[in-house]
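Please open the model in a viewer and keep the selection panel at hand. The stops below proceed from the charged pairs to the chain contact and then to the sheets.

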2 protein chains.
Amino acid sequence: MDPRTGQAVGEPIPESTGEQVAAVVEAAATAGLAWRATPAADRAAVLEAVADALPANAEGLWRAADAETALGEVRLRGEIARSAGQFRLFAEVLRDGGYLDAIIDHADPALTPPRPDLRRMNRPLPGVVGVFAASNFPFAFSVAGGDVASALAAGCPVVVKAHPGHPVLSGLVAAVIRGALPDAGLLGLVQGTEAGRYLVQHPAVAAVGFTGSIPGGKAIQGLINERPDPIPFYGELGSVNPVVVLPSALNGDVAALAAGFAGSLTLGVGQFCTNPGLLFVPDDDTLVKAIGDAVAGTTGGPMLTPKIREGYDEGVARLARSAPELAAGSAGGNVVPRVFAVDLDAFADGLPDLAEECFGPAALVVKYRDISSVGEVLERLPGSLTATVHATDPAEAEPIADVLTRVAGRVIWNGWPTGVAVCWAMHHGGPWPASTSAAHTSVGSTAIARWLAPVAYQSWPEALLPAELRDANPLAVPRRVDGSLS
Amino acid sequence: MDPRTGQAVGEPIPESTGEQVAAVVEAAATAGLAWRATPAADRAAVLEAVADALPANAEGLWRAADAETALGEVRLRGEIARSAGQFRLFAEVLRDGGYLDAIIDHADPALTPPRPDLRRMNRPLPGVVGVFAASNFPFAFSVAGGDVASALAAGCPVVVKAHPGHPVLSGLVAAVIRGALPDAGLLGLVQGTEAGRYLVQHPAVAAVGFTGSIPGGKAIQGLINERPDPIPFYGELGSVNPVVVLPSALNGDVAALAAGFAGSLTLGVGQFCTNPGLLFVPDDDTLVKAIGDAVAGTTGGPMLTPKIREGYDEGVARLARSAPELAAGSAGGNVVPRVFAVDLDAFADGLPDLAEECFGPAALVVKYRDISSVGEVLERLPGSLTATVHATDPAEAEPIADVLTRVAGRVIWNGWPTGVAVCWAMHHGGPWPASTSAAHTSVGSTAIARWLAPVAYQSWPEALLPAELRDANPLAVPRRVDGSLS
């Protein structure tokens, strides 16, 4: 479907049957046995070949993506580059070797009881990783996304359930990636809601990654709960991303602050998991007016799918029932950015409903009179991917710093939550419902940890040990030996 | 109850009510706010004070433990020392700082898009850790156990649900530990099955640790599935711990091999999660007879609880229905060690039932004629904590080495699975049903990871950063800075 016109594009994509899903998963499992035995340096070279193939096919890929998502050439070309960069980052992670968390304790017969030789390192999960692609990043969180890149890096085969918002593109991207893989079976692709159910419940699936809505995540968790074995489910779900403007921020550039908020709110028609949905501000007329003016100057755009559009309308209606509108932008693609405003007390009374995410360019401005009463309200917020502070005086943030790290996975100073850097230190996760596992990230180098589990080798013969655990350390991976990092 | 006599000891312990559990959890949550803000070095000093207090009270503690478990002075004094050692290990982990996984990426304005300053490290989970104590280790997997030590180390408060097998001891141990804590509320203790249910479902509980049976673990997982938020559940459940004797082992000391097996099988009346329940052997009369003779020379003993004893009888009856008895030991405490034997084909036909754990001193010997047909049977085994190989030629194990690392968390060469070293490289976990999370261990330094989640700080002011993430690295923790370990 073309989101600009609402008209169908091309022939309908057939949904995968249960038999087809099983065949794809089993082919992936078979291909995975050789892949998990492939040395990390060779897996890195394959990831780099994928990273080369994506931009080499950018022209066809962005056009296919634009036809199904209306996200435009600049954004889509940028996203292809970002996706390629993710594959390159994981190649670097593999060559570095730190992700193995290699630990060696030599035998110590003097201890009570005597300690045998023990060596451990992370190994790929024994099975297929199932990935549910997202609507809002047709490359970076879909078939060429971080879940797929990190799972292949870990040494696992992957089966992706395509997002129905870009089914044609999904097939094209899978073909490009497969061209760079040693075995096309390592990357399976299935289409349709029922296919997702079959995927999650297939015995060969060892873990599931998902980026999407809270109801979608709950549905998948429910399917996993029906399995005999409780496989890990890494879902990145809903996030309201509170932003707290502290009184000292009023000493800074208030117009720039308001413009920054409006820009972050409406970027990509607000269709980002890090979209700022709650803005706590001092009850200051100048600031509140500046925010209203900035949002009034924004324009909407076509949303990705009719379902997302319906959800936005429902969320806006929910906000409108509880709070007066502060400002509205101009209609674009029939979507209007909207901001509502409420006092802190009324917000606290309306929890948890008023802190429910409204996916799209809508937010709730919460006006407080006394900063000392904000902390206990922040404490009651649902988990978020991010929490942001605007202030000119760091000391002013001290009373709320700890609570922000308890309700969000990433805290941001004088910035905006949209924009997620792909790097070693990124953490893109957070307490429920931001993610199903607060200890894991779906972006950045440590995303690989989701698809790994340690194996310990006790008194294991040198000839059978992975190279990374042999005494000579031929691959020069970082290790902890007898308690000391080396 | 005294397991030697089956008679009640002392007054009945009252079960905790829902209100009592809530009060204990809320007191822990309150105490936890100061504890999570306590510097790691100060937390380490507290853990060392606990490690000192346990042996200082050993005389009273072992006697109380023996009255409820009949495990005897030597074993119980050893277990107290082991528990103290676990607290000491986590003090070392805290001083080392590697558990924080600290990562710094400095800002890079030259990148597209520009990268802000990002720093992340692990923080304690924001809430209370609930721990279900085990029957078979009244110290090392109970109130003074690794779950409690690692959670306190992480910076979390803990509420333990005592095991009904040693309720009096649980209260004594809690009092000893509390004497060394800065706030007694940091370690709560509740008694009774219903108390466990209230604990798991309390909103302030952020994670649950458990050591026990598969049905027990499933019941807790079911309670967690009813929560609105899917908190992590780290259960160490059932494990059959296959041992594979390869043909080359026949060239070694067959009598010692058989004696080693019989000793591991009957140690502690077989009441260990690492008890070897499956022994694959070449169909060699000398070896099979040696195994039978060795087991015939063993003696049983009192089991910990009537429920465990009933489970053993059921497991033995299940084995007896499918396989002839190879040998039986002598009755001790009314319990008889028993070994059954079956051919590989019959075993494969009887899967998965024949690979079900029988907790206690019983095992199934599986006789194979052709080593090349063993791999595909191993592939079908449920997950185990351990898998062991006996051989004199490492090359002979190569065809089964990978499958063993896929069905077990620890692989052992020419040893026995009972005996779990507490060290950096230990991994005491494995695929379901050995544990609910194959990526985590309940023994060894990395057990702390279960109670941690990262927080990323973006452009965060130096004054508000944790000391571990400040540029000067005043605590000298290991870090990855701009991609390089330092």
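A salt bridge is a side-chain nitrogen of Lys or Arg within 4 Å of a carboxyl oxygen of Asp or Glu. By this rule the structure holds 44 salt bridges over all chains. This is a predicted model, in which local features need pLDDT of at least 70 and side-chain atom pairs count only at pLDDT 80 or more, while totals for chains, interfaces and linings use all residues; side-chain values use heavy atoms, with hydrogens and water left out. Residues are numbered from 1 along each chain as its sequence is written, and chains are lettered from A in the order in which they are written.

**Stop 1: a charged pair**

Select B:Arg480 and A:Asp96, whose side chains meet in a salt bridge (2.8 Å, N to O). B:Arg480 lies in strand E16 (residues 479-481) of chain B and A:Asp96 in helix H4 (residues 73-96) of chain A, so the pair joins two chains. Helices (H or I, at least four residues) and strands (E, at least two) are DSSP runs, numbered from the N terminus.

**Stop 2: the contact between the chains**

Next, select the residues of each chain in contact with the other, where contact means heavy atoms within 4.5 Å. Chain B contributes 60 residues and chain A 61 residues. The buried area, which is the accessible area (1.4 Å probe) that two parts lose on being put together, summed over both, is about 5,200 Å² between chain B and chain A. Carbon and sulfur atoms give 66% of that area.

How many salt bridges does the rule find across the interface of chain B and chain A? There are 6. Select B:Arg36 and A:Asp402 to see their side chains meet in a salt bridge at 3.3 Å, N to O. The elements of chain B that give two or more residues to the side touching chain A include helix H1 (18-36), helix H14 (394-407), strand E14 (408-413) and strand E15 (452-458).

Strand pairing also crosses between the chains; two strands pair if DSSP finds at least two bridges between them. Select strand E14 (residues 408-413) of chain A together with E15(B): 3 bridges join these strands, which run parallel. Within this pairing, A:Val411 stands opposite B:Tyr457.

**Stop 3: the sheet of chain A**

Select the open sheet of 5 strands in chain A, which has the order E5-E4-E3-E6-E7 with parallel pairing. Strand E5 (187-190) and strand E7 (233-236) of chain A stand at the edges, each with a single partner strand, so one side of each is left without a neighbour in the sheet. Strand E4 (residues 158-161) of chain A pairs with E5(A) over 4 bridges in the parallel sense, and A:Val159 has A:Gly188 as its bridge partner.

**Stop 4**

Finally, select the open sheet of chain B, in which 5 strands pair in parallel in the order E5-E4-E3-E6-E7. Strand E6 (residues 205-211) of chain B joins E7(B) through 4 bridges, and B:Gly209 stands opposite B:Tyr234. Lying across E3, E4, E5 and E6 of chain B is H1(B), which runs at about 170° to E5(B).

Key: Axes fitted to C-alpha atoms, helices over the stretch in contact; angles between N-to-C directions.
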